[in-house]
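Please prepare a briefing on the protein shown below.

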Amino acid sequence: MTDPTPHRPAFEVCLFTEPQQGASYDDQLAHASAAERFGFDGWFRSDHYLRMGGGDPLPGPTDAWTTLAGLARETSRIRLGTLVSSVTYRVPAILAIQVAQVDRMSGGRAELGLGTGWFAEEHRAYGIPFPERRFGLLEEQLAVVTGLWATPEGSMFDFAGEHYVLEGSPALPKPAQERVPVIVGGGGPKRTPAIAARYATEFNIGFRGEDEIAEKFEGVRRACEAIDRDPATLKLSVALPTVVATDDATYLRRLAAIEADPDTFAEVNVAGTPAAAIEKIERLRALGADRVYLQTVDQLDLEHVELLATEVLPHLGGRA
């Protein structure tokens, strides 16, 4: 008898971190190397240039794609990408070149998360234009980036949009992967799911409760059906801040290190004991998540990475 349910890919668990909060390249290398050594599927970073909240701003920001280029040569297995780059930071054709180059440097392990951007203060601090309306930029950037990659070698790519015009582009270089995974996410009720259904290989929702996650997953499935795309071809993922420990003192110390409120942190996030973390992640998988990003902001705490790897990962169903 044939199984009528569509095949689901192996469930993936990635680390996701925020280097603008105070991490050098060496810190990120150690964190990504630990992720690879301990069996995580990928290492993803934010794309920001300004620390959020108070605290020491040192050592200062690192550029996401410069960092990922370095990690591409210093790791061998894990997926590497942004969650997510902002359309305000880069011209789309240059972004396509950067990602294609990192993909080549990594042997085909790069993934591009792209969004509209939101942190106005960061743009003011570094003189980056921050237009009020940015969904048009996002849609055109996705069209340009994916169009450049999909253009056959020897052919030219042209694009005429409201925001970007390309004429006679050789559409080079090409990534190592036949199709670089493209992640689009957000909580918008209509335009975000429509853009994800049209351009993305993965839809991501972060920092939300389980009821809202289920609602957003259903919304993007409907958006796929509206353009006759099989919803099963779109990977679904969730990103959540994560603090796990085996004793109360360590748990509170880890919360304090990222300035998290111990009274509210566990309401939505992956929090508490390893058993509680496993239960939370399994609920996300039951909602339809194919991948979970555990946001571990304190990159100096490599014992936290090891704990997640040894006490949580082996107990998750659906892992390859």
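The points that follow describe this structure topic by topic.

The model is predicted. Its secondary structure amounts to 10 helices and 12 strands. Of its 320 residues, 52% count as buried.

**Overall form**

- The radius of gyration is 19 Å, which agrees with the value near 20 Å that a compact globule of 320 residues would have.
- Along the principal axes, the C-alpha trace spans about 60 × 60 × 40 Å.
- When contacts between residues at least 6 apart in sequence are considered, 74% join residues at least 24 apart.

**Surface and charge**

- The protein exposes about 14,600 Å², and carbon and sulfur atoms supply 53% of this area.
- The protein carries 31 positive and 46 negative charges.
- The mean positions of the positive and negative charges lie 4 Å apart.

**Strands β2 and β3**

- Strand β2 covers residues 42–45, and strand β3 covers residues 79–82.
- These two strands, β2 and β3, pair in the parallel sense over four bridges.
- Within this pairing, R45 stands opposite T82 in β3.
- Both faces of β3 are covered. R79 and G81 are buried on one side, and L80 and T82 are buried on the other.

- Side chains alternate along β6, which comprises residues 157–160.
- Strand β7, residues 165–169, runs antiparallel to β6 and is joined to β6 by three bridges.
- The bridge partner of A160 in β7 is V165.

**Cis peptide bonds**

- Most peptide bonds are trans. The bonds listed here are cis.
- The bond from L58 to P59 is cis, with omega near 5°. P59 is located in the loop between β2 and α2, the latter covering residues 64–74.
- L83 and V84 are also joined by a cis peptide bond, for which omega is about -10°. V84 is located in the loop between β3 and β4, where β4 consists of residues 85–86.

- Most residues other than glycine have a negative phi. F207 has a positive value, near 60°, and D228 has a positive phi of about 60°.
- F207 lies in the loop between β9 (202–206) and α7 (210–226). Its relative accessible area is 45%, and F207 is therefore classed as partly exposed.
- D228 lies in the loop between α7 and β10, the latter covering residues 235–244. Because the relative accessible area of D228 is 75%, this residue is classed as exposed.

**The loop residue G187**

- G187 is placed in the loop between β8 (182–185) and α6 (191–199).
- With a relative accessible area of 23%, G187 is partly exposed. The cut-off for a buried residue is under 20%, so G187 does not count as buried.
- Apart from its neighbours within four places in sequence, G187 is in contact with I205, R208 and K216.
- G187 and I213 are separated by 26 residues in sequence, and their C-alpha atoms are 9.0 Å apart in space.

**The loop residue P131**

- P131 is placed in the loop between α4 (120–126) and α5 (135–150).
- The relative accessible area of P131 is 31%, and this residue is therefore partly exposed.
- Apart from its neighbours within four places in sequence, P131 is in contact with T88 and L137.
- P131 and G42 are 89 residues apart in sequence, with a C-alpha to C-alpha distance of 32 Å.

Conventions
Residues are numbered from 1 along each chain as its sequence is written. This is a predicted model: local features need pLDDT of at least 70, side-chain atom pairs count only at pLDDT 80 or more; totals for chains, interfaces and linings use all residues. Side-chain values use heavy atoms; hydrogens and water are left out. The radius of gyration is taken over C-alpha atoms; the globule rule is 2.2 Å times the number of residues to the power 0.38. Buried means under 20% relative accessible area, exposed over 50%, partly exposed in between (1.4 Å probe, protein chains only). Contact means heavy atoms within 4.5 Å. Accessible areas come from the Shrake-Rupley method with a 1.4 Å probe; for residues, only the protein chains shown count as cover. Lys and Arg count as positive and Asp and Glu as negative; His and the chain ends are not counted. The place of a charge is taken as NZ of Lys, CZ of Arg, CG of Asp or CD of Glu. Two strands pair if DSSP finds at least two bridges between them.
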